[in-house]
Amino acid sequence: MKTMYWKDNKLFLIDQTRLPDEVIYYECKTYKDVIDAIKTMKVRGAPAIGIAAAFAMAMAEIAGEDMEKSANEIKNARPTAVNLSWAVERVLNSKSPIEEALRMYDEDVRTNMAIGKNGAAVIDDGDTVLTHCNAGALACVDYGTALGVLRAAHDEGKNIKVICDETRPLCQGARLSVFEMQQEEIPVKLAVDSAAGHLMQKGMVNKVVVGADRVAKGGVANKIGSLMVALAAKRFNVPFYVAAPESTFDIENSIYDVEIEERDADEVIYIGNTRIAPEGTEVENPAFDIIPSDLITGIITEKGIIKPF
Ligand code: MRU
């Protein structure tokens, strides 16, 4: 099952806000529909929003829109993952936007399988691996980056167990990563975010593998909470890996210059339709944080495992 597909000049996306209860494809007829789907996180995860953005560019071209203007709107849908501007620029500089978007769609799956193969080498038989957020098939076109590493290790016959952090506030770990691991029949447990340090202190986690929204000079931006997991991993000598394709690399800039998306207060105040804090509560809701390079054991890419820079 693919996270998205292109048919009759329209983009169909699994509506990830409905998972795990319902698997429903949401139809985007215009590039503005895609922007809305990215903003409301019907589609999310750095590689997935990149490929959706590429198809949004193709739609803008078909509709005869001003391509530079559409490109800027699409790039600004979410600020932190570099894949958005990477994809938009690539389509903008191509001869045929549809063909380029389709090429990128196919490449995504091949890239993730290469990341999986490279990353599986650091996963040992018997490991329990903790992951944060969802860097799985649902965050890409298919297969996934961090969860791709776990898929590949499992497919190689390694007996692994996975712990998914729930990943408040939107619970991508609980809703999406657990769902994916269950589908693959990889043994999985769910833990609240604040249990990660305790589990490592007890020796219950052998490795951490997470994805990335941007890899730049000095570190990696990833889902809020990644920094605390990395700090705990350092303290308890648990190897901490980031799995990311080259499309997530921004080698010119410092990671500390990257804009960290701030999202709506209601994401924190409500769980589903239930309010969990007093009305009018003020909120901090940064969607990402920065993992400094010295906390990262290695970055698993489609070309091999590199040291953070
Ligand atoms: O806010 P989200 O759900 O888009 O955040 C996703 C993440 O932080 C992922 O870890 C990252 O995009 C890598 S996905 C392969």
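Me: What makes strands E9 and E14 count as a pair in this predicted model?
Reply: Pairing asks for at least two bridges between two strands. E9 (residues 219–223) and E14 are joined by five bridges and run antiparallel, so by that cut-off they pair. One place to look is Ala221, whose bridge partner in E14 is Ile290.

Me: Why is E14 called mostly covered?
Reply: Buried means under 20% relative accessible area. In E14 (residues 288–292), five of its five residues are buried, so each of them falls under that 20% cut-off.

Me: And how do you know that both faces of E14 are covered?
Reply: Take the two sides in turn. Phe288, Ile290 and Pro292 sit on one side, Asp289 and Ile291 sit on the other, and all are buried.

Me: OK, on to Met41. What makes its phi stand out?
Reply: Most residues other than glycine have a negative phi. Met41 is not a glycine, yet its phi is near 65°, a positive value. You'll find Met41 in the loop between helix H1 (31–39) and helix H2 (46–62).

Me: Is Met41 buried or exposed, and how do you know?
Reply: Met41 has a relative accessible area of 6%. The cut-off for buried is under 20%, so Met41 is buried.

Me: Which way does Glu185 go, buried or exposed?
Reply: Exposed means over 50%. Glu185 comes in at 66% relative accessibility, so Glu185 counts as exposed. Glu185 also has a positive phi, about 60°, although it is not a glycine. Its place is the loop between H7 and strand E6 (188–191).

Me: Why is the bond from Leu19 to Pro20 worth a look?
Reply: Most peptide bonds are trans. The one from Leu19 to Pro20 is cis, with omega near 5°. Pro20 lies in the loop between strand E2 (10–14) and strand E3 (25–28).

Me: What about the bond that joins Arg168 and Pro169?
Reply: That peptide bond is cis too, with omega about 5°. Pro169 is in the loop between strand E5 (161–165) and helix H7 (172–183).

Me: How much space lies in the largest pocket, and which residues are closest to its centre?
Reply: The largest pocket holds about 490 Å³ of space. It is lined by 18 residues, and Pro169, Leu170, Arg175, Glu267 and Gly272 are the closest to its centre. H7, helix H10 (266–269) and strand E12 (270–271) each supply at least two lining residues. By class, the lining has six nonpolar, six polar and six charged residues.

Me: How do you know where the largest pocket lies relative to the domains?
Reply: Domain 1 (4–110) and domain 2 (123–306) both give residues to its lining, so the largest pocket lies between them.

Me: What makes up the lining of the second largest pocket?
Reply: This pocket, with a volume of about 200 Å³, is lined by 15 residues, and Trp86, Glu107, Thr111, Ser247 and Glu302 lie nearest its centre. H2, helix H4 (83–92) and helix H5 (97–120) each supply at least two residues, and H5 gives the most, with five. The lining divides into five nonpolar, five polar and five charged residues.

Me: Why is the second largest pocket placed between domains?
Reply: Domain 1 (4–110) and domain 2 (123–306) both contribute residues to its lining, so the second largest pocket lies between them.

Key:
Residues numbered from 1 in each chain as written. Predicted model: local features only at pLDDT ≥ 70, side-chain atom pairs only at ≥ 80, totals over all residues. Heavy atoms only, no water. Buried < 20%, exposed > 50% of the residue type's maximum accessible area, 1.4 Å probe, protein only. Helix = DSSP H or I, 4+ residues; strand = E, 2+ residues; numbered from the N terminus. 1 Å grid on protein atoms, 1.4 Å probe; cavity = no way out; pocket = protein on both sides within 12 Å on 5 of 7 lines; lining within 4 Å. Points joined across faces, edges and corners; volume = space filled by probe spheres on them. Nonpolar A, V, L, I, M, F, W, Y, C, P; charged D, E, K, R; others polar. Domains from an automatic or database assignment.
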